[in-house]
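Reader: I would like to learn how to read strand pairing in a model. Please take me through it step by step.

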Amino acid sequence: MSQKICVARIGAAHGVRGEVRLWTFTEDPLAVLHYGPLTTKDGGRSYEVAKAREAKDHLVATIKGVTDRNAAERLNGLELYVPRDRLPETDDDEYYHADLIGLAAETTAGEPLGRVIAIHNFGAGDIIEIAPPSGSTIMLPFSNAVVPTVDIAGGRVLIELPAEIEGDERDDDRDQGIESTSTPTAGRPRESGDP
């Protein structure tokens, strides 16, 4: 079975005719119209976006079969997934975030750092989150300077640790020369190739 990728999240109802606010996680927000039926994570329920129009920071969408506000309100917070094999192929320097999760993270000197557990974007560019074998996670800018190599076939990313990361120091990090932060400095974002 193909890996599933989350491509959208349904928000609050919009109006009284069953429209919903829809946040998409695709490079082209309207691409959700072309993926066919989208499912819940467990695959138990299926939904199709019939129409969508752009709003300020989201879409206003009509879901097939949802015709009134009450039905739309019941969908609030629902994440919608598509099988990975239905998404377009990426360019050489683009990656679906889901393809990066689980990759080994190593320094450019070959020292293991842990595993990639998430890619975030809080508005200032992509952030890569790495879980070391013990201790708190490390969050770094997902930029070409900090992550110069992504080797999906080899199962790893290479990290060029910044000289200093602003934030609270941890004792075990000081021993390794690493500082941890929950709000890393922003770098030049890498083209993420979000679905």
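Author: What follows covers a hairpin, its neighbouring strand and a sheet. This is a predicted model, in which local features need pLDDT of at least 70, side-chain atom pairs count only at pLDDT 80 or more, and totals for chains, interfaces and linings use all residues. Residues are numbered from 1 along each chain as its sequence is written, and side-chain values use heavy atoms, with hydrogens and water left out.

Reader: What counts as a strand, and when do two strands pair?

Author: A strand is a DSSP run of E with at least two residues, numbered from the N terminus. Two strands pair if DSSP finds at least two bridges between them.

Reader: How many bridges join β1 to β7?

Author: There are five, and β1 (residues 4–14) runs antiparallel to β7 (residues 79–83). Opposite R9 stands E79 of β7. With β2 (residues 19–24), β1 also pairs in the antiparallel sense, over five bridges. There, A13 has V20 as its bridge partner.

Reader: Which residue takes a positive phi in the hairpin of β1 and β2?

Author: G15 does, with phi near 80 degrees; four residues lie between the two strands.

Reader: In what order do the six strands of the open sheet stand?

Author: The order is β11-β10-β9-β8-β13-β12, with mixed pairing. β11 (138–141) and β12 (149–151) each have a single partner strand, so one side of each edge strand lacks a neighbour in the sheet. Neighbouring strands here are turned by 35 degrees against each other on average, direction ignored; the axes are lines fitted to C-alpha atoms, and angles run from 0 to 180 degrees between N-to-C directions.

Reader: Which residue is the bridge partner of A104 in β9?

Author: R115 is. Three bridges join β8 (residues 104–107) to β9 (residues 112–121), and the two run antiparallel.
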